[in-house]
Structure formats: C-alpha cells, structure tokens
Protein chains: 4
Amino acid sequence: SAHLGGDGRRKSCWYEEEIEQDLRWCFALNSILHTGASQYQDIALLDTKPFGKALVIDGKLQSAEIDEFIYHESLVHPALLHHLNPKTVFIMGGGEGSTAREILRHGTVEKVVMCDIDEEVVDFCKSYLVVNREAFCDSRLHLIINDARAELQTRQDCFDVIIGDLADPIEGGPCYQLYTKSFYESTVKTRLNEGGVFVTQAGPAGVFSHTEVFSCIYNTLRQVFKYVVPYSAHIPSYADTWGWVMASDTPFTVDAEELDTRAKRRMKGENRYLDGKTFASASMLSKVVRKTLAKETQVYTEGTAKFIYGHGAGHRSQPHA
Amino acid sequence: SAHLGGDGRRKSCWYEEEIEQDLRWCFALNSILHTGASQYQDIALLDTKPFGKALVIDGKLQSAEIDEFIYHESLVHPALLHHLNPKTVFIMGGGEGSTAREILRHGTVEKVVMCDIDEEVVDFCKSYLVVNREAFCDSRLHLIINDARAELQTRQDCFDVIIGDLADPIEGGPCYQLYTKSFYESTVKTRLNEGGVFVTQAGPAGVFSHTEVFSCIYNTLRQVFKYVVPYSAHIPSYADTWGWVMASDTPFTVDAEELDTRAKRRMKGENRYLDGKTFASASMLSKVVRKTLAKETQVYTEGTAKFIYGHGAGHRSQPHA
Amino acid sequence: SAHLGGDGRRKSCWYEEEIEQDLRWCFALNSILHTGASQYQDIALLDTKPFGKALVIDGKLQSAEIDEFIYHESLVHPALLHHLNPKTVFIMGGGEGSTAREILRHGTVEKVVMCDIDEEVVDFCKSYLVVNREAFCDSRLHLIINDARAELQTRQDCFDVIIGDLADPIEGGPCYQLYTKSFYESTVKTRLNEGGVFVTQAGPAGVFSHTEVFSCIYNTLRQVFKYVVPYSAHIPSYADTWGWVMASDTPFTVDAEELDTRAKRRMKGENRYLDGKTFASASMLSKVVRKTLAKETQVYTEGTAKFIYGHGAGHRSQPHA
Amino acid sequence: SAHLGGDGRRKSCWYEEEIEQDLRWCFALNSILHTGASQYQDIALLDTKPFGKALVIDGKLQSAEIDEFIYHESLVHPALLHHLNPKTVFIMGGGEGSTAREILRHGTVEKVVMCDIDEEVVDFCKSYLVVNREAFCDSRLHLIINDARAELQTRQDCFDVIIGDLADPIEGGPCYQLYTKSFYESTVKTRLNEGGVFVTQAGPAGVFSHTEVFSCIYNTLRQVFKYVVPYSAHIPSYADTWGWVMASDTPFTVDAEELDTRAKRRMKGENRYLDGKTFASASMLSKVVRKTLAKETQVYTEGTAKFIYGHGAGHRSQPHA
C-alpha cells in the first residue's frame, strides 16, 4: 500500500506475436509459467496482463484464458444444438481440452473421443490448464493419441457430431490432409451417423483475412455436404475475427429461439458468449465476406493448398494430426 | 530482379501503438509521409505495410487507408438510409473528410455542414488525404472551424441527420461535453428536423471493451430518444470491434431488403462493407454485449464520466470540440 | 534431436529496457524467475538469452550474470589494490552482494560492513543470486539495513576503503545526498583511516553519456580529495561505457606491473576482467571525455543536482540509502 | 508554446535492429528520409532521435550522424599518423564517403583511390550525406566502382596506406575474400610502398563479441606483417565496442605526444575523438581480449571462415566487394 509502483508503471516483459511479417501483437507479461517441447513443437504457458494465461505453441497464441470461451463455445455449441440428440462426438485434435470441456456440458452426450497426435501437448495441458481438469477426468472422455485421419479411417463406429479443432490447412503443413474434399467425402461423411453434423474451425475470417483459408474451407465443404453454414466472431486475443463452418446433409432448421430453448434444456451452466441471437448474427456475414464466399472456386484436394502466414506449425489445437 | 531482398526480409521500421498500457499493436512502416502539430495535438501520416496510409493523432491511429471504409460506411449510411429523405446533414468533428465523402455519395443530400475545431488537422487532411479531395471540393460541403457544441447552440437551422464523429467521452477530455444527456436533449434534439436521425461513433464495442464507453453512450441516448439502435463491426487496423449508436424519435422500420433498395436508388457507387444484411448482423449484438447494455445504469451528465485508456487526446476525428 | 525448433526460431518473450525515452534495449527471455516488491521498489530476476540471469529493479537492469564481473571487478579492485594493506571496508549500498563477494577475495580484508537500506532487495538477492551465497555467509561480512549516510554519521570506527555502490545522483532521487561535496567532506573523509581510499560507481561514461553525472561526480570529488582517478569500461549488458571515480589524500603510485603483483599476492582466484594493463587503459580516458572533465565546473551540493534519464528509482545497487 | 506534447510524449515510430537473434536495439524515429535498393542490397537514410541521421543497409546500421566520427577517426588517423609521410591512400569499400573525408584532412595526401562495388550506395551517399559532400568533390579523390580485390590485383601503382572499410568476413559473405591470409600476402602487401601501413576495420571487439572475427583478423594479419596493432573503441550507436587492426613491416614507433604533434602539423581541423592518449588507451586492450588474441590460432584462408550474426549482407561500408 505504501508501494507506489504497480499498474501505472511501464511494462518490461512482453510476449510478441508476429501475426504477419509486418504486423505484431504484444502482451505485457506477468510471468512465463511453464515451457516445454514435444517431438513436434515448442509449447509455453504464459501469464499475460491483458489476456490472462495464454497457451502458445511454436510462437503462436492458441488460446487465452479470458476469451477462449468465444472460440470454444462457437466451435462446439452450434453443431451440438442443431443436432436433434447428440450422443457421440469425435474431436479431431483438441488436445488443449477446452473443446471436450464444452461438449461435456451437454447432458445428451454419452461419449466423446478426442484424438490428438501430440501426447506431450496433451499432457502439458492436462497438468497446467486448471480450467479443463474436470473435463480430462470425465469418464465419458476417451483420449486417443493418434493421427485423427488414421484413427477415423480405422474405426468402425460412427458419431453424431465430428469436430475439427486443428491447425489451419497450409500446403505442406501437418493438417492439410484433414481439410481436403476427399477426406471429407470418404472419411468424415462415412463416420457420421444419419442426421450427423460436422463442424470445423476455419481460420481467420476478418474483412481481409477471410480469403486466406476460410472461403476455401467453406467451398470445399460445399462440394461434399448439402447444407453448409459459415459463421464468425471477433476474438480479441487473436486480434482478428475467426471463422467456423458447420455442415450436414440434414437441413439446419433451428431458429434463434429454439436454439436457446435447447441450450437451456440440455446444457449444464449458461454460455457466456453464444446464444440464439449471437449465432444468428455470427452466421450473417458481412457483404465483403459473402461476396468472396459466393465467388470462391478453389477446393482443397490432395494437390492444392493455400498458404496462411506463420500458422504452419501449430496454430489451433492439433498441429500434427 | 536480381534483388533477393524484398518482402521476405525482416522489417526494421515500425509504428507502435499502445492500445492499452499492457497491449501493443505494431505495423511495419514504409515511410513517415508527413508530420505536423496543431495547437491541440500532434498529427502524422504514415505509410504502413499492413494497412496502407494511416492517419495518427497523438500516437493514436485514427484511420487506415485499407479499412477506413468499414468505419465510415458504418457511421454514415445506416442513419442516412433509415431517414426518409435526408437533405441536410451536420457533422460534429469529422475533420479527416471521410465522413463527408460518404455523406456526399447520397443524391438526396443538398447540404453538409462539417464543424471541426482543429483547423490544422483539417488542412493536413485536405492536403494529404487524396481519397477525400473531391469531397473537400464539393460545393455542398460547408466547412466550419469551431467547437461543435457552440456551433450547434448558435445556429438557427435544423438538420435531417446529425453525425457525431468525435473522440471518445473521457472525463476531462475534450469531447466529453458532446456525449452528455443534457447536450443531446437541449442541443442535438432541438437541431434535428421532424423525422431526424442522430448517430454517433460510440467507442470500442468488443467482448471486453464495450464496457468502456459504448454501453454508457447507448444508455445515455436511451434517456433522450425513443428509438436507439446500437451496432458494431470489427475493424482490423483498430485490433478491435467498434461501435456506433443511432437514435431517433421516429421508429426505424427499414428492413435489410429495403435498405439495399434505398442504397441502390439514392447512392453513387456501391458500398464495399455495408449492406442490408451486414447491418442486420451488426445490430444484432452478442449475448455478453446485450447483457451489459440491458443492465447499464450510468448516464453521461456534466458530473460523471468514464475513462478509456489513452484515447484522451484525440482518438477519432475531432479531439477538441 | 528430432526437434527442429530451437535456437533458429523467432523469439517470443522479451525484456525491454527504456535506456532513454527514445532508445530501447531488448533481450529475449527464457523465463521470469522471481518477482517481488519492497517498500521502495519492484524487483525481478529474469533469465535472459543474451546475458543470462538479470537482476532488474524498477524496470532498470542492475546486473547481468555474464558481465557483472566487469562492473564489480572495476568497482572494487583498483581501490583495494592501490591501498597498502586494506583490512576494513565499508560498502554504501551493495545489497546485491557482488561487491562484498569481490572484496572478500582479498586476503588482507578482515571486516566488511555492507549497509543497504532495502531489506527486501537484500533478502531477494541472498535467496536467488547463487553466485553470491558464499559471500553472504562469510563471517567477515557485517550486513546492516540502514541509510548509509545515517550509518556512517553514527559510527565511531574508521575504514581503509569506503565503496559507493549506489544509484546515480538525481535531483530528488534517493541517493543524491550520498554524492554531495558536504557528504564527502564531513562524513566520508572522516570515516577513512590514514591512507584510506574512497571509490564510487559514477554512472554512464560513454562518449555522450559521461556528461550526465560522471563529470560532475569527478569534479565534486576533486574539491574534497587531493588525488582523484576517473576510469571507465564498456559493459555490454548496459549498452554503454560505465564510469567509476577513485579518490584519496594519499597519491596513487601503483603502476600496472605492481598492481598485478599485489593482485597475485593478496587475492584468491584470478580476475577475469581487471588487471594492471586493463586499469591503465581504463583510466586513460578518450579526448572528448577528458575535455569535459577538465572543463566541468558543477559540484553536487545540497542545492544542485543533475538529471539522468529513468535512473531515478534504483539504478545500481542501493536505490534508497 | 501552448502545445504540451513534444519530447515528453511516448514515441510511436521506431527503428529496430536485431544485433543478434536474441538482442535488439531500437531508436525512436523522426522520419524515414530516403530509401533505395541497389543490385546488391537495400539502403535507407533514417532520421533517428537518439543518434541523428542513420545510414542503414539491409537492416544493419552502418553509420550514425552523431558518432560516426569515432569509427572513422579510429579507422583513418592512427595509420596515417604513424606513417612518415602518407601521400597516396587506397580505400577498399568506403562508399559512404566518411573514410575519404577523414583522409582528405591530411595535408600530405595527394591522391585517394576509393574502390566500392556498389554504385547505387555510393550515389545514395553522395546525394544525401551532406557531411561528405565536400569530400566527394575533392579533386584528390578518385572514385572507382569495382571489386576492391580485382582492382588491387589489376593496378600497377602502390600506396602508402591501404584501408579496409568493408563488411565483416563471413563464410560465404561478400567480403570474406578480402580478409584472407593469401589476399593480404599476395595482393595488399605487394601494393604497399616501402614503409606502408595497412589498416582494416575488424568487427566487434567487446568483452564477448571480440571472438567473432576480431581475434581472427588480428591473427591472420600477424601471419603476414611483422608489426600488428589491434585497438578498439566503444561506439554508442553500435551498442558495442568496435575493433580495428593496423599492420606494417615497419615498426610503429610514434608515441602519444608525437601523434598529437603530427596531427597538429599535418591535419586540417581538430579531431573530436582520437588523439595520442585516446589511441594509447584504445590499443591497450583489456585482459580478457588480450588473452583471446594471444591464444587465437585460426587464420582466414580460402577454406575457413567464422560467422558473425546478421552481418552477412552489408555491415560496414562495402558489402559486396
């Protein structure tokens, strides 16, 4: 109390992320909590002043304590709430545990299979991300260390919802194969039950950044599924608007009010970010984004890919699936 | 061509903005085009790599070439398109010229009064912002150097639309007086014609930042006008979602389709960002923001104010009105 | 070994020091080892990539693992080696412990009194600076928590060498009083034995920075002592050349060779930086510095002071003496 | 005067140099005066707050207005003053013009050949470095655009002094060939007159950095010349101590006093940095540096090289010779 320093003082320690080569985003640091390295990547848990604890993989922010709920609620709940009665869910990637945590809030869910390739990252998150401890201990969660594509191709069981929580598709990157038309067609679709829903994170979706991968993921899914819904939300710690795409061969007929009703009936606790109106707004894209999506012709196939700066090794949860 | 350097090379010169004390946003620089200082503030025009030419006042980014259209289309067109037949418009602040430029695209508009207190800033923008040159020369534009409050209180004429393009309300800041209940009641409302619309920029409106001034501007306007519409959009160069509030005593009844029809009929050129659906989405706020707005009790009066970090001297167009 | 990241990778966490308002010096961080706060100041021990463990007080680097030997050998050994037979030493400040460590290497020394005002800083360094643990445990060391001026004025005993390891003299700063002519005259000199030597750190002494306090400390001591020797050395982690001033009423007659002989005879272990030739070079200042010193007229008295940027609270070991 | 901003205000635009991968040195910017690119490299003239106008090549500071005199006086005058009567001088590199400027201050000098490979850099400096304009116009200066090695091997005439003002020797770098034993032996020595002196910049020479190239340049010259004198000086804008090595087959017998006498007799104007005592101090290296030099065994030959971080493309004046 006699101490005059504190918050007014100039900050000395900083986390610096190169969002693009000519654009940086810097957070003052309280401390560097834990650092580690797996066979595939470097991992760190930082305590940042503006965004709380931050999980950083290979110099890219994955998830920040104070706003990861926006990403994870947006990834999980639209798909599960649009499904009539989701009992089984498969997560491609998701090693951080937050996606599983959100899924497990749904009372209908009986089994969640989370398949991440990087055991060290999973162990790191299990140990240090207190907020996901309960989820990691839930008996409905089945954790598998494997390449998600190999796993899905080997398994015999089908799922009500499949969720892609993977690094962005970059040519030569570790996750590219999990965004291709052939993967969606011959693997994902065949592992979905009747009425099943697929949803994937789909990279940045800002007024400029949506052309990097978002429009192309959307267009690829449009080749494979009858009904495809792209949506987005601004995530402060990412310094950008983020995108997701939900797809199914069963039409999405749930309106904002019904979404709220289902959430109330099925889910434990209340969402902080997502509700019916939020999703209605999130899925009504701005003119410039809608235009790009309508005109997009590229499809991810084994032979093509698009580049997204610096997200090559590990942006989003499962970098090497 | 033999030159191997270029874009892959590490950048040496940077513009650095302290968004908050513990958060920085940095753009690689091509050059520092012009710098100047007025009686009130420092002003600079930078050529940045990620966002093009950027107008910076007192170390705060005002407007960047590649995405200022998001801010200015959002500020101007909803109000003008919701109005039945806007002929006269008053801009409080707006010295940059972009707000006037957007207004002048409306064929119905016969007279625009732009009232900014800082002549040097206006002259600087007139000289260097090529994109607004035509607007500054338009015979319908009446440029006045004065305090906007004093000007509105002195004038006898009324306007169809009044637009607030001012720095955020900060206690002791130069623009605080232009966001109070009493100013709205006894000055703005009395200068609006029957069926008139008022709109103001309303500060950051992100998942966290909307509590700084956005909710309070909204709540203050709700005390004064019968119909109040808050809306927001993510602006990449601001590293945040931004907010505006539109208000009137006449109900806003124009739907997305009609908005598009009016834009097509009345406006010169096509918008890049804003159309009916974009506005529908922008005005459907996310759950967390809606909750704050619903519960906000604070009202800006002569005696109260809220602080917003670092925006004290000059964030947004008219810092000293 | 399969891990490809490592040292070639872009660094994410940085310590940033504002050397002056327009000059920054930034070290990549491995970790933030410990942070604390005393009644007077903030303290941190960082693990930096370029300079190893670094002690930072109030955002100013005090001492870095890999080059603190330059500062501490330069501060301690010239004075002790020029003295005929130093048995008793008084340290003003020095809470870090490194100055005591260097003194205790001299076999002639029987008693070291270290007087620092900030107990928390001393405790922090005792706990975390492994390199000084032995020194802190040496039975010849007498640690006193007190204002060094008050302590010297109260004590009855005299010393062979008195060492100033204090923050720079800044008007209104905590250490200014310990650099004045009257303090040197009526306190320091009276506490020195016959043949005694006084030495003090004397701030930056670079081609430009020597005008900040170095020349004035030199000139002040010249008013009080018959023989005054200023000298300097470049310290990489400080990004500057640093200065010290040694003073006595007995002439300094030891040449480079004799200095080496004495060091060999009296001291435990070999110096890394300082020897006879190094000191000969260090005490032969460059033309521009010699000129300023020759022309300096200012003297630190109770009424005057000179400012040095940002070093107000705690640059060098004893910030509040 | 009513304007309160100014110097106390937070700086927004910065030049940032990566001295090493984990060490940065940042100067606040007033403006980016000129930028250009040659066939070999990028070039910029910046106006920095702490160091004035700064010439930057490929992201590496070459020379700063306020302290380039330290580098250039140290490079030129010891060699010329130790020579009995220097009439002809050859500069390898030196495109900036400052080395020529210093040489031309010597009244004995009748002819200076400056041979730099990069015409665009020379033209850039001619146009923008006002301080060297007079030198570029001096009729005694012969400017040649060529590889310095090729030029020396072709020419028939000999010189009293040859000066190496080149980028550091890095394996695979543009200047490596100009630091090898065979080059010194078969080219440099054969182009020196009887009593001739060779001097070269020799990279960083700090307590740690002297092992990068300084000790090896010294050791290489020691294989070729009978008398070799290494010396160093701290250059604030480089954030390091810099080194030079002077070599001859005639002994260096000039003492500090005689050096001052010769300077006074022969040179126009007074030096700011270098005089007899400064050189005496500069050539008395510190213990740690002397030890490395004494033990250095490596010699630059066509087959070996040592790496110095980031100085590959263009640190110091002639990057591609």
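Modeller: Let us begin with His72(C), which belongs to helix α1 of chain C, the helix that spans residues 68–82. Please bear in mind throughout that this is a predicted model. The relative accessibility of His72(C) is 1%. Because a residue under 20% is classed as buried, His72(C) counts as buried. Its side chain is joined to that of Glu68(C) by a polar contact of 2.8 Å. Once neighbours within four places in sequence are set aside, the residues in contact with His72(C) are Ser63(C), Glu96(C), Ser98(C), Thr99(C), Arg101(C), Glu102(C) and Asp165(C).

Ser98(A) is part of helix α2 of chain A, which covers residues 98–103. With a relative accessibility of 1%, Ser98(A) counts as buried. Neighbours within four places in sequence aside, Ser98(A) is in contact with Glu68(A), His72(A) and Asn132(A). With Asn132(A), the side chain of Ser98(A) forms a polar contact, side chain to side chain, at 2.9 Å. A further relation concerns Glu73(A): 25 residues separate it from Ser98(A) in sequence, while the distance in space from C-alpha to C-alpha is 9.3 Å.

Helix α1 may also be considered in chain D, where it again comprises residues 68–82. There, its axis comes within 10 Å of the axis of helix α8 of chain D, residues 256–266, and the two cross at roughly 95°. The helices α1(D) and α8(D) are therefore roughly perpendicular to one another. On the side of α1(D), the contact is made by Leu80(D), Leu81(D) and His82(D), and on the side of α8(D) by Leu259(D), Arg262(D), Ala263(D) and Arg266(D). Sorted by class, the residues of this contact between α1(D) and α8(D) comprise 4 nonpolar, 1 polar and 2 charged.

It remains to consider how the copies of a chain are arranged. In general, a rotation about an axis, together with a shift along it, relates two copies of a chain.

Conventions. Residues numbered from 1 in each chain as written. Chains lettered and ligands numbered in written order. Predicted model: local features only at pLDDT ≥ 70, side-chain atom pairs only at ≥ 80, totals over all residues. Heavy atoms only, no water. Helix = DSSP H or I, 4+ residues; strand = E, 2+ residues; numbered from the N terminus. Buried < 20%, exposed > 50% of the residue type's maximum accessible area, 1.4 Å probe, protein only. Polar contact = N/O pair within 3.5 Å; in protein donor to acceptor, adjacent residues only side chain to side chain. Contact = heavy atoms within 4.5 Å. Axes fitted to C-alpha atoms, helices over the stretch in contact; angles between N-to-C directions. Parallel < 35°, antiparallel > 145°, perpendicular 65-115°, else oblique. Nonpolar A, V, L, I, M, F, W, Y, C, P; charged D, E, K, R; others polar.
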